Amino acid sequence: MWLKLVVLFLLFVFLATFQISFLVHFNIAGTTPNLIFILFFLIVFFSGRSKSTMNFKNIFLPSVFAGLFLDIFYFPYFGLAIVLLLVMAYILKYVLFLLKKTRNEYPVVYFIPLFVLFFIFFNIFLTTAMPCFNWVFLIEIMYNLIFALLGFYIFKTFKLYEF
Amino acid sequence: MNVFLEKPNKILPKILIGIFVFVFFIGTLNLFQNQFKNFFYSITQPFQKILLRAGDNSSNFLGAFLKINNLAGENEEIKKRNQELLEEIITLQQVKVENQALKEVVSGGLEKEFKLILTEAIGIDNKQDFILINRGSDDGILEDMPVINSQKVLFGKVFKVYKNFSKVMLVSSKNSVLDVKIQKDDTISPIIYGAVRGEGNLSAILDLVSLEREIKNNDILITSSLEGTFPKGLLIGKITEPNQNDLKPFQTAKIELFFNLKQSDKLFIISDYKIE
């Protein structure tokens, strides 16, 4: 378990570095994919139906890791992103619980609307200025969704359900 | 008999301890946030540099590759542009004398005017229009110091200083507003002042220009030094689409910023300059 968490931590380090250095050259209308948020969402989404309420290793720690790196690279203070992602993680877990899927099925029809909704939620709370709901923000959502869907099928193909 | 005394709730203390540990963790992070952030930036700096260059090269290659299919159309566009440029050259020759002031701004020796510290961008946050540079308080960097390139193009100002790194707020940041002067082709026109307001996503607009003044495409925007943060004469951008609406108290305009993040490998921090 701990080895997996170390790998996950290092993966977040890599994604954060990749995001602020490599991907900025591939911006569309000044927007780039938020890989940290995408990985966080994928992990929580695919562990969303486990029975444990706290789910320390599948939800709590990945949320803290993701929030930590968002705080390090994007925000002036620690805590804001961590707390928000934790709240979002448990809301997402509850939403998935309400969907009452008992089998290990992770349909893309759940994934897309939930991702878009949570991405908007995330941006409303975490950007220093309120995001304008204009075409640039729409492009940002679409750009992130492409990477999220790529991740979604990687998770499904390699069955990375329980980290 | 009170059942709550005999069977105490074991979950509540655990939750309280968990919350306490979590708050303590966040508090500690914030207490030593400069050291933590500096530590992480130090660790990731070599990778960031490599990835930044790799991303630049890859995007150039990809851009060139994508343009192959469009060569014929591009050729026509270049021919048309060539004609426009020829016309522009003629115009420029006519206003050569009047442009002397701008030429002085552009060609002036940087070192003679400012005390500079060489730096380079190692990370870019284009969500909030910040860049991370590899100079910090150990190098004498202070907040609000202007950051420019060798052509005197203003990138922004130092926003947050760590031990070995600093965050620079670009002029396109939504939190950025700076006073500017509009450089006209002729020297007899009255000086026009305005403000460049960041719009995010690497864009900005010109605002607060008096309705009585005439602004047009390709007018150059330079810093005015009215606010005291920036030395005067730093290049910011040019007007691309003036917007005069009599219902509004001021004129606005879309502008094209001169700074280019692809050329952020050699930047200068102005640590001192003469206030005129």
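This is a predicted model: local features need pLDDT of at least 70, side-chain atom pairs count only at pLDDT 80 or more; totals for chains, interfaces and linings use all residues.

Q: Start with β8(B) and β9(B). How do they pair, parallel or antiparallel?
A: Antiparallel, over five bridges. β8 covers residues 192–200 of chain B and β9 covers residues 203–210 of chain B.

Q: Which residue does V196(B) stand opposite?
A: L206(B), in β9(B).

Q: And how many residues sit between β8(B) and β9(B) in the hairpin?
A: Two. N201(B) is in that turn, with a positive phi of about 50 degrees.

Q: What about L202(B), where is that?
A: In the loop between β8 and β9 of chain B. L202(B) is not a glycine, yet its phi is positive, near 65 degrees.

Q: Is L202(B) buried or exposed?
A: Buried. L202(B) has 22 C-beta neighbours inside 10 Å, so it passes the cut-off of 20 or more.

Q: Why does L208(B) count as partly exposed?
A: Because L208(B) has 16 C-beta neighbours inside 10 Å. Buried needs 20 or more, and exposed means 12 or fewer, so 16 falls in between.

Q: Which other strand does β9(B) pair with, the one at residues 250–257?
A: β12 of chain B, in the antiparallel sense, over four bridges. In that pairing, S210(B) stands opposite F250(B) of β12(B).

Q: New topic. What is the strand order in the open sheet of seven strands?
A: β1-β13-β4-β5-β6-β3-β2, in chain B, with antiparallel pairing.

Q: Which strands are at the edges?
A: β1 (114–119) and β2 (121–125) of chain B. Each pairs on one side only.

Q: By how many degrees are neighbouring strands of this sheet turned against each other?
A: By 35 degrees on average, ignoring direction.

Q: Zoom in on β3(B) and β6(B). How many bridges there?
A: Four, in the antiparallel sense. β3 runs over residues 130–133 and β6 over residues 166–170, both in chain B.

Q: Which residue of β6(B) is the bridge partner of F130(B)?
A: M169(B).

Q: And what holds paired strands together in general?
A: Strands of a sheet pair through backbone hydrogen bonds.

Methods. Residues are numbered from 1 along each chain as its sequence is written. Chains are lettered from A and ligands numbered from 1 in the order in which they are written. Two strands pair if DSSP finds at least two bridges between them. Axes are lines fitted to C-alpha atoms, for helices over the stretch in contact, and angles run from 0 to 180 degrees between N-to-C directions.
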